[in-house]
Every structure is written in C-alpha cells, then in structure tokens.
Amino acid sequence: MRASRLTRSLQYLALLGYVIFLGFPLVWLLSTSFKPPRELVKLHPTLIPDSATISNYVQAFTEQQLGRAALNSLQVALASSLLTVLIALPASYALARFRTRIGTVALGWVLLSQLFPFVLLIIPIFLVLREIGLANTHAGLILIYVVWALPFALWMLQGFVRNIPRELEEAASVDGASRLQTLRKVVFPLLAPGVVATALFAFISAWNEFFFALVLIKTPELATLPVTLARFVGIEGTARLGPLAAGSLLATLPSLVFFAVMQRRLSSGSLAGAVKG
Amino acid sequence: MTATTTAPAPAATTPAPARRGSDRATIYLLLLPSLLPIVLLSVFPLVRGIYLGFTDARAGRNVEVAFNGLANYRELLTDDLFWGAFRIGLLWAFGVTALQFLLGLGLALLLNQPLRFRGLARVLSLVPWAMPPVVVGILWRLVYHPDAGLLNELLYQVGAEGLRTNWLGDFSTALPAVIIVGVWAGMPQTTVVLLAGLQGVPKELHEAAAVDGATAWQRFRRVTLPALMPVIVAITSLDFIWNFNSFGLVYVLTAGGPGGKTMLPMLFAYEEAFRYGNYGYAAALGNVMVVIIVALLAVYLRRRLREVN
C-alpha cells in the first residue's frame with residue numbers, strides 16, 4: 001500500500017511518541033536504581049547518574065528484608081506453579097477427550113471467574129483459611145494461588161491436549177499399549193511445551209500477586225515481595241528511593257523472562273486475554 | 001501449536017460423549033483434584049460472600065453472624081463515602097478503558113504498518129505488562145515525585161516551572177494522574193489483542209475496496225472496523241471489568257488519597273473490611289458491585305452485538 005511522505009512522517013512521529021511514553025518511566029526507574037543517596041536528594045535530578053553505584057541493589061537485599069521477601073515469593077510461586085500443573089493435567093485431559101456435563105459447567109465457571117471482584121471472595125476466603133488454620137501461612141497463600149491459576153491452566157492445557165491427534169493414541173492402543181503407557185509415551189511428551197507454558201503462567205501470577213498476600217499474611221517475615229515493596233513505599237523518604245527502585249527492577253526480572261519466552265504466543269493474542277495482574 | 005484460551009479450541013478431534021460406567025468413573029477421578037479446590041476455595045466462598053452481604057458479620061465476632069436482611073444496603077445507599085468511591089470507580093474505569101482503547105487502536109493500526117522499529121516497539125510494549133502492578137505503582141511514584149520526580153524535572157527543563165506540582169497529592173491532579181498510570185499499564189495488552197484482531201481481517205476485502213476507489217478512512221470505517229467489532233467488544237468489556245475491580249496499582253500510588261479523590265470501590269471495601277472489620281458491609285458492597293457490572297455489561301453488550309449483526 002502506498003502512503004504519502006507526510007503520512008509516513010506522522011506515523012513515525014506517533015511511534016516515537018509511544019516509545020517515549022512507554023520507555024521514559026522505565027529509564028527513570030533504571031537510573032534511580034543506580035543513584036547514590038546524595039544524588040537522590042539533589043535539587044535537579046539528572047537522567048544519567050554522575051557516579052553510578054550498585055549499592056542500592058546490595059542494600060535492598062541486605063538491610064531492607066527484600067532478600068527474605070524474594071525468597072518467600074520464590075517458594076510460594078514455585079509451589080503454586082508445580083501444584084497447579086499437577087492438578088490441572090489429569091482434569092484437562094478429561095475435559096479435552098470426553099464430553100461431560102460437569103466438564104461444560106467447569107469450563108463455563110472458568111470464564112465466569114474472570115469477572116468477580118476479589119473483594120467478594122476475599123472475606124469468605126479469609127474466614128475459610130482461618131477456620132482450617134491456614135490464615136497467615138504460606139500454605140494458605142499457595143492454595144489460593146493454585147485455585148486462582150487453575151481456571152486458566154485448565155483452559156490452556158485442554159487446548160494443548162486437543163491439538164494432539166487422537167489417532168496417535170488409538171495407534172498406540174492398537175499396538176498393544178495400555179492406557180497408562182499411551183499417556184506416558186505419547187501424550188505427555190507432546191504436551192511438554194503446554195505444561196511449561198502453564199507452569200510459567202502460574203508462577204508469574206503468584207509472583208506478581210498483591211491483594212491476597214496483603215490480606216492473608218500478617219507476619220512481616222512471611223510477606224511476599226510485592227507486599228514488602230509496597231510497605232517500603234509507605235515509609236518513603238527521598239534517600240530510600242534508590243533501594244526501592246533496585247528492588248522493583250529485581251522483582252520484574254522473572255516476569256520479563258517469562259514474557260521473552262512467551263512473546264510469540266502473546267503477540268498472537270491467544271494468551272493476551274488471560275494475563276492480567 | 002496454538003493454545004486457544006478465550007474460545008474452545010477448534011475441534012480437530014471432537015470429544016467423544018462418555019458412555020460406559022467405568023469411563024465415567026475415570027473421568028470424575030481425573031476431574032476431582034481440580035474441581036475440589038475450585039469448589040472449596042472459589043465457588044463456596046462466592047456463595048458465602050453473597051450471604052455475608054446480608055449479615056452483620058464483623059471482625060472478632062463472626063461466630064454469631066446474624067442475618068440482617070437489607071440493612072447493609074440501606075446503609076450503603078446513604079453512605080456518602082460509598083457513593084464517592086462508586087463515582088470515582090466509574091470515572092476511573094471509563095477513563096482508563098476509553099483511553100486504553102483509543103490509544104491502543106491507533107497503536108495497533110500503526111504497528112500493523114510496514115514501519116521500521118515496529119518490532120522494537122512491540123517488544124517494548126510487553127514490558128509494562130510484565131511488571132507486577134506494585135512495581136508499576138512504585139515506578140510512577142518516582143515519575144510523579146514532587147522533589148525527585150521525572151515529570152517535574154522535565155517541566156523545569158522546558159521552562160514550564162509554574163506547572164510543577166505534587167501530582168499524586170494534589171486534589172485536582174490525583175485522579176487524572178492515576179488514570180494515566182492505568183493506561184500506561186494496560187494499553188499494551190489492549191494493543192496486542194487489537195493487533196491480533198487486525199491481522200485476522202481478510203486482506204482481500206481491503207484490496208477490493210481500494211480497487212473500488214475507497215479512501216483509507218472509508219476502508220477503515222467500512223472494512224476494518226466491522227470486521228474488528230467482535231474483538232473490540234470483548235476487549236473493552238473485559239478491560240472495563242478489570243479496571244473497575246482493580247486494587248494494587250492505586251493502593252501503591254495513593255492508597256485512595258488525597259482526601260478520597262482516588263478511592264476506588266475495591267480500596268473502599270478493603271478499608272471497610274480489614275481496617276474497620278465490617279465484613280458484612282464490605283461483602284454487601286461486593287454484591288452491589290457485581291450487580292452493577294453485570295447490568296452495565298448487559299446494556300453495553302446488547303448495543304454492541306446489535307451493531308455487529
């Protein structure tokens with residue numbers, strides 16, 4: 001398609017504007033994370049630090065309890081993602097291969113559950129967890145994250161199962177393989193990319209989650225990274241901005257890796273509807 | 001291999017109806033580990049949450065929960081703080097969703113053009129999306145910071161020093177400031193979805209229209225927009241719900257301040273429940289929010305879907 005020179009210039013201008021709007025805050029965060037304290041209180045801050053330092057990163061993880069919080073987040077996110085996949089795998093197979101009423105209802109619920117305000121769920125969940133003695137524990141938080149990630153994991157995995165031709169399984173069974181053997185030798189290997197994607201998704205939603213962690217965890221030593229960072233904002237003084245920025249960037253790293261890995265699929269839009277902080 | 005998540009996968013192999021009894025038992029056994037936690041920690045809490053909205057449950061004495069009918073709702077109707085939060089929630093959700101959509105559509109059309117650097121722009125747009133909402137909040141606090149902030153420094157550098165202000169602390173600028181952050185954080189996702197939709201618009205239609213002498217605007221109005229409508233309806237309604245229900249971002253930015261100027265319904269409910277311990281009242285507020293969302297969506301979807309048909 002032909003576009004006039006004026007149109008093209010305007011298009012590039014718009015693209016530039018977008019990149020600046022998007023990129024500038026990020027550059028500012030990066031710059032702040034490398035600034036020594038005296039530059040943070042400077043009257044006119046500069047974009048490029050006069051004397052860059054990594055002391056903010058060191059400080060974030062030693063003095064400010066962010067190291068411990070990161071470890072908590074890692075534990076909780078790893079456990080949630082493992083559990084989610086383990087639980088969702090058999091169910092997604094059943095949903096993809098057999099049509100049952102309960103399956104239809106389950107998938108419908110999955111879509112519906114996207115729409116509820118958490119505030120409606122948080123009080124009863126808080127009460128349930130307290131009744132079974134899991135309030136203020138990582139186990140309780142992990143349970144919530146599993147249930148939270150399950151709907152999407154089911155959707156995703158059953159889609160992957162459907163993409164495996166049924167004929168492959170039939171061929172294996174004709175060759176005399178038992179159902180379990182068929183699953184292990186034929187289905188699971190083909191499902192591996194789907195399992196990885198689902199596990200990553202569950203990991204990231206747990207790693208980024210804030211609301212449930214804020215309400216359910218009361219002991220500061222048990223708090224996850226987002227909650228600790230948010231608490232850190234509350235005691236803000238200009239000099240603390242450096243470690244705060246450093247901690248924030250480190251908290252973003254796992255998701256960035258995830259998005260880099262998943263980028264193709266995200267751009268195709270099929271995952272796009274589901275990843276929401 | 002593509003994972004279809006928003007709609008059932010195109011059935012390359014149609015699922016077989018379960019017939020024999022032993023098959024049925026196997027299926028339930030496979031489903032059980034997923035359904036049990038979902039029912040226990042999502043269906044059951046939901047039902048209980050709806051019920052709590054009709055009780056006087058409070059922190060510390062929830063053992064003796066008493067049904068109190070519509071009392072919570074009567075109180076909500078006369079609660080100025082609730083109406084304030086409700087009004088701000090609507091302003092926020094409409095503002096963010098509309099801007100996200102308009103800017104996202106423009107951007108998607110742009111990124112659909114054969115421009116240089118568009119690959120870079122696409123990758124860059126994934127970054128805000130990947131960030132934990134809390135980190136987005138922190139990042140923008142640094143931008144809006146009254147002394148050490150990027151925005152005020154930029155204004156100083158271009159000689160507009162008079163415009164410097166405490167963006168998040170000022171009554172008149174706080175809400176617009178948080179809306180901008182909401183757009184920054186959410187626009188990439190909207191863009192990606194719209195871009196995927198654009199790539200699904202048949203090229204032949206465009207070419208045929210161009211041959212017939214349609215201008216770019218006419219092609220957009222008559223070809224692109226109608227073909228894109230289902231995607232637009234889906235993403236704007238989802239965006240609206242997500243925005244109306246959002247919490248973390250604004251909690252970190254302003255915690256509802258200054259003077260309640262950014263008090264979203266979720267923040268208000270959180271305070272009621274976990275600061276003042278009014279579980280029943282907060283649950284009632286949740287019920288009202290669900291009803292409002294469903295009603296707004298019903299009106300919107302009916303309108304839009306009629307346009308599609």
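## Domain interface of chain A

Across the interface of domain 1 of chain A and domain 2 of chain A, 0 salt bridges are found, a salt bridge being a side-chain nitrogen of Lys or Arg within 4 Å of a carboxyl oxygen of Asp or Glu. The model is predicted: local features need pLDDT of at least 70, side-chain atom pairs count only at pLDDT 80 or more, and totals for chains, interfaces and linings use all residues. Side-chain values use heavy atoms, with hydrogens and water left out. The side of domain 1 of chain A that touches domain 2 of chain A receives the most from helix α1 (residues 5–33) of chain A, with 4 residues; helices are DSSP runs (H or I, at least four residues) numbered from the N terminus. The residues of this side of domain 1 of chain A comprise 4 nonpolar, 2 polar and no charged.

Domain 1 of chain A spans 1–53 and domain 2 of chain A spans 63–266, with bounds from an automatic or database domain assignment. The C-alpha centres of these two domains of chain A are 33 Å apart. In contact (heavy atoms within 4.5 Å) are 6 residues of domain 1 of chain A and 8 residues of domain 2 of chain A. The area buried between the two domains of chain A is about 600 Å², and carbon and sulfur atoms give 84% of that area. Buried area denotes the accessible area (1.4 Å probe) that two parts lose on being put together, summed over both. Of the area that domain 1 of chain A buries against domain 2 of chain A, 64% is supplied by A:Leu29, A:Ser33 and A:Leu40, more than by any other three residues.

## Salt bridges over all chains

The structure holds 3 salt bridges over all chains. One of them joins A:Glu169 to A:Arg97, with the closest N and O atoms 2.8 Å apart. Because A:Glu169 lies in helix α8 (residues 166–174) of chain A and A:Arg97 in helix α4 (residues 66–97) of chain A, the pair ties together parts that are 72 residues apart in sequence. Both A:Glu169 and A:Arg97 are buried, where buried means under 20% relative accessible area, exposed over 50%, and partly exposed in between (1.4 Å probe, protein chains only).

B:Arg48 forms a salt bridge with A:Glu131, the closest N and O atoms being 2.9 Å apart. This pair crosses between chains, from helix α1 (residues 21–52) of chain B, which holds B:Arg48, to helix α6 (residues 118–131) of chain A, which holds A:Glu131. B:Arg48 is buried at a relative accessible area of 19%, whereas A:Glu131 is exposed at 52%. In chain B, the side chains of B:Arg275 and B:Glu271 form a salt bridge (3.1 Å, N to O); B:Arg275 is exposed, with 56% relative accessibility.

How values were computed
Residues numbered from 1 in each chain as written. Chains lettered and ligands numbered in written order. Helix = DSSP H or I, 4+ residues; strand = E, 2+ residues; numbered from the N terminus. Nonpolar A, V, L, I, M, F, W, Y, C, P; charged D, E, K, R; others polar.
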